Amino acid sequence: MLAYHCPKTKELVRTSLETSADQLKRLGGFQLSLWCPYCRTGHQVAASDALVCDEEIVSADENA
Ligand SMILES: [Zn+2]
């Protein structure tokens, strides 16, 4: 899932958006509008500033 750090509170915000590190790389500086539960407002977050947070997938080696 897509996650990002809130620019105001620096908290990690997890979204329910499915994404992959590859997709984020392709999006580059694309601005995503993401809801922030800490600020209770939306933030514009560059895809390059977002991160992938997949707790279910433990294996980190996808290149095999
Ligand atoms: Zn925020």
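Start by selecting Lys10, which sits in the loop between strand 1 and strand 2; strands (E, at least two residues) and helices (H or I, at least four) are DSSP runs numbered from the N terminus. The model is predicted: local features need pLDDT of at least 70, side-chain atom pairs count only at pLDDT 80 or more, and totals for chains, interfaces and linings use all residues. Residues are numbered from 1 along each chain as its sequence is written.

Lys10 is not a glycine, yet its phi is positive, at about 65°. Most residues other than glycine have a negative phi. Lys10 counts as exposed, with 8 C-beta neighbours inside 10 Å. The cut-offs, for C-beta atoms placed from the backbone, are these: a residue is buried with 20 or more other C-beta atoms within 10 Å of its own, exposed with 12 or fewer, and partly exposed in between.

Now show the whole chain as a cartoon. There are 1 helix and 5 strands, in the order β-β-α-β-β-β from the N terminus. Buried residues make up 8% of the 64 residues.

Strand 1 (residues 2–5) and strand 2 pair in the antiparallel sense over 3 bridges; two strands pair if DSSP finds at least two bridges between them. Tyr4 has Val13 of strand 2 as its bridge partner.

Move on to strand 3 (residues 31–36). None of its 6 residues is buried, as the number is 0, so strand 3 lies largely in the open. Strand 3 pairs with strand 4 (residues 41–46) in the antiparallel sense over 6 bridges. Gln31 stands opposite Ala46 in strand 4.

Which residue takes a positive phi in the hairpin of strand 3 and strand 4? Select Arg40: the hairpin has 4 residues between the strands, and Arg40 has a positive phi near 55°. Arg40 is a residue other than glycine and is found in the loop between strand 3 and strand 4. With 7 C-beta neighbours inside 10 Å, Arg40 counts as exposed.

Is Leu32 buried or partly exposed? Leu32 has 19 other C-beta atoms within 10 Å and is partly exposed. Leaving aside neighbours within four places in sequence, Leu32 is in contact (C-beta atoms, placed from the backbone, within 7 Å) with Val45, Ala47 and Ala50. Leu32 and Val45 are 13 residues apart along the chain, and their C-alpha atoms are separated by 5.1 Å.

Centre on Val45. Under the same exclusion of neighbours within four places, Val45 is in contact with Tyr4, Leu32, Leu34 and Ala50. Then select Leu2, Tyr4, Val13, Val45 and Ala50 together: these 5 residues make up the largest nonpolar core. Such a core is a set of buried Ala, Val, Leu, Ile, Met, Phe, Trp, Tyr and Cys residues joined through C-beta atoms within 7 Å.

Finish with the contacts of the whole chain. Among those between residues at least 6 apart in sequence, 42% join residues at least 24 apart.

Definitions and conventions:
Two residues are in contact if their C-beta atoms, placed from the backbone, lie within 7 Å.
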